[in-house]
Amino acid sequence: MKIAMIGTGYVGLVSGACIADFGHQVTCVDKDASKITALNAGEIQIFEPGLKELVASNVRQRRLSFTTSLADGLDGAAAVFIAVGTPSRRGDGHADLSYVYGAAREIAAALKGFTVIITKSTVPVGTGDDVERIIRELRPDVDIAVVSNPEFLREGAAIYDFKHPDRIVIGIEDERAKAAMTEIYRPLFLNHAPILYTGRRTAELIKYAANAFLATKITFINEIADLCERVGADVQEVARGIGLDNRIGSKFLHAGPGFGGSCFPKDVRALIKTAQDYDVPMRILEAVEGVNDTRKRAMARKVSAAFAGVLRGKTVAILGLTFKPNTDDMREAPSIPLIMALQDMGAKVRVHDPEGMQQAKQVLANVTYCEGPYDCVEDADAAVIVTEWEQFRALDFDRLRDLMACPVIVDLRNIYRPEDMKRLGFAYTCVGRSSAFQPVTVYVPTGQQVRPSAETTGASSAMAPRN
Ligand SMILES: NC(=O)c1ccc[n+]([C@@H]2O[C@H](COP(=O)([O-])OP(=O)(O)OC[C@H]3O[C@@H](n4cnc5c(N)ncnc54)[C@H](O)[C@@H]3O)[C@@H](O)[C@H]2O)c1
């Protein structure tokens with residue numbers, strides 16, 4: 001089957017390459033000429049594990065091609081996917097549908113015969129109706145069917161997720177389109193991936209409800225983590241204790257610095273806005289959004305607590321910038337407000353991320369970019385683990401302690417054990433594990449240096465700042 005994919009971002013390129021890998025003929029279209037030039041030269045501007053190889057192999061087998069011309073991409077195509085961005089609209093937080101509507105108008109201009117138009121972008125309820133209206137108004141002469149097929153892949157595991165989906169949601173109002181969708185996803189049908197056929201509006205809402213629920217789950221465990229710190233409980237054990245209940249499930253119960261990324265924040269915001277428009281306030285989601293926004297910046301206080309609240313003149317090393325590991329995506333990463341808060345407190349910030357530095361340079365100013373974790377912590381007064389990259393899971397702490405000016409670790413992903421860190425001579429703070437909450441007064445507010453006592457830190461003399 002010949003298929004066009006509009007948008008070669010994280011979703012469009014992965015979807016296009018995977019659908020080509022199923023055996024279809026896919027042309028990916030992007031209006032960003034630099035992306036297409038790079039793709040035609042065998043280069044990929046985003047980092048997604050396995051994607052480069054998958055694209056190369058399908059290009060080699062002549063099933064996957066790239067163009068900036070939608071007319072070329074649509075020529076002879078039986079189906080076209082819209083996988084363009086739907087960021088938050090500046091000013092009011094609604095989903096910005098200008099790219100989707102723009103794509104719809106361009107599709108209308110290029111249509112020839114019956115074509116199935118599939119919205120893969122995350123779009124508010126009723127967008128499918130708008131896409132259909134736009135195209136029918138512009139091209140009353142052509143036959144179309146507009147389908148909603150939201151995508152649930154996770155960046156960092158996108159290819160696996162696309163090929164092994166928990167479910168495929170297809171919002172459809174036209175039987176002919178059903179045949180086309182069955183053909184496109186045939187390999188997944190054969191693997192018995194559950195397929196949920198729904199109305200188009202229902203499919204659109206399923207995507208938002210799924211993301212909003214997951215964001216709520218994260219925010220819930222984050223608030224429980226805060227309580228754990230106060231009452232002397234361990235959030236990881238609480239999470240395990242509740243997660244073993246099948247009604248709850250163990251996923252998305254990892255306490256941390258708050259959710260970020262290209263989807264959850266904007267999708268929560270957009271669902272709240274949609275609901276307000278229909279006079280159905282989403283109080284839970286409003287709380288989730290507020291709690292999460294405050295949290296990212298509040299994480300800076302975990303760092304300043306190690307210095308009696310005074311960070312002016314201190315150097316903080318940030319390990320991990322992207323919103324999660326295995327991606328270079330910096331959109332709404334918690335590291336951004338955290339770093340800004342540290343800078344507002346007067347700290348100098350050094351950063352390292354295995355893949356996200358290039359994107360970070362577009363959003364983070366006045367930080368020192370470092371080649372590796374050890375380079376990053378050199379002479380730092382504190383190191384903050386913000387993203388749980390594999391590279392940070394087995395750090396050489398003897399080396400770290402020698403390099404740092406002060407052995408203070410703030411682990412916002414709970415990847416180390418408090419007792420190990422204590423044994424290694426670090427002042428260690430994490431999230432929701434009270435046993436790790438060791439107030440370390442290394443400096444008094446006047447800037448006069450004081451040595452942390454074993455009483456306040458529970459640590460050995462290795463705690464003393466390196467001179
Ligand atoms: N990133 C994710 O993990 C993820 C997961 C599930 C769903 N989604 C949803 O998928 C959609 C796409 O997300 P993304 O992260 O891939 O976005 P992205 O910003 O990475 O990519 C969008 C691409 O579309 C291109 N584009 C915009 N208008 C175009 C047009 N008229 N013609 C051709 N190309 C055009 C842009 O140049 C860009 O390359 C969004 O609605 C998002 O919410 C994203």
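Biologist: Which helices each supply at least two residues of the shell around the ligand?
Modeller: This is a predicted model, and in it the helices α1 (10-21) and α5 (98-110) each supply at least two residues of that shell.
Biologist: How many residues surround the ligand, and which are the closest?
Modeller: The ligand is surrounded by 26 residues, of which D30, K35, T86, E155 and K266 are the closest.
Biologist: And how do the residues of the shell divide into nonpolar, polar and charged?
Modeller: The shell divides into 9 nonpolar residues, 7 polar ones and 10 that are charged.
Biologist: What is 2.5 Å from an oxygen atom of the ligand?
Modeller: That is an N or O atom in the side chain of T86, while for R331 an N or O atom in the side chain is 2.9 Å from a ligand oxygen.
Biologist: How much of the ligand's accessible area does the protein cover?
Modeller: On its own the ligand has 840 Å² of accessible area, and the protein covers 91% of it.
Biologist: Changing topic, how many disulfides does the structure hold?
Modeller: The structure holds 0 disulfides. For C18, the nearest cysteine sulfur belongs to C28 and is 11 Å away, and for C376 the nearest is that of C370, at 4.3 Å.
Biologist: Is C376 buried or exposed?
Modeller: C376 counts as buried because its relative accessibility is 0%, and C18 is buried too, with a relative accessible area of 0%.

Technical notes: Residues are numbered from 1 along each chain as its sequence is written. This is a predicted model: local features need pLDDT of at least 70, side-chain atom pairs count only at pLDDT 80 or more; totals for chains, interfaces and linings use all residues. Side-chain values use heavy atoms; hydrogens and water are left out. A residue is near a molecule or strand if one of its heavy atoms lies within 4 Å of it. A polar contact is a pair of N or O atoms within 3.5 Å; within protein, one must be able to donate a hydrogen and the other to accept it, and residues adjacent in sequence count only if both atoms are side-chain atoms. Accessible areas come from the Shrake-Rupley method with a 1.4 Å probe; for residues, only the protein chains shown count as cover. Helices (H or I, at least four residues) and strands (E, at least two) are DSSP runs, numbered from the N terminus. Ala, Val, Leu, Ile, Met, Phe, Trp, Tyr, Cys and Pro count as nonpolar, Asp, Glu, Lys and Arg as charged, and the others, Gly among them, as polar. A disulfide is a pair of cysteine sulfur atoms within 2.5 Å. Buried means under 20% relative accessible area, exposed over 50%, partly exposed in between (1.4 Å probe, protein chains only).
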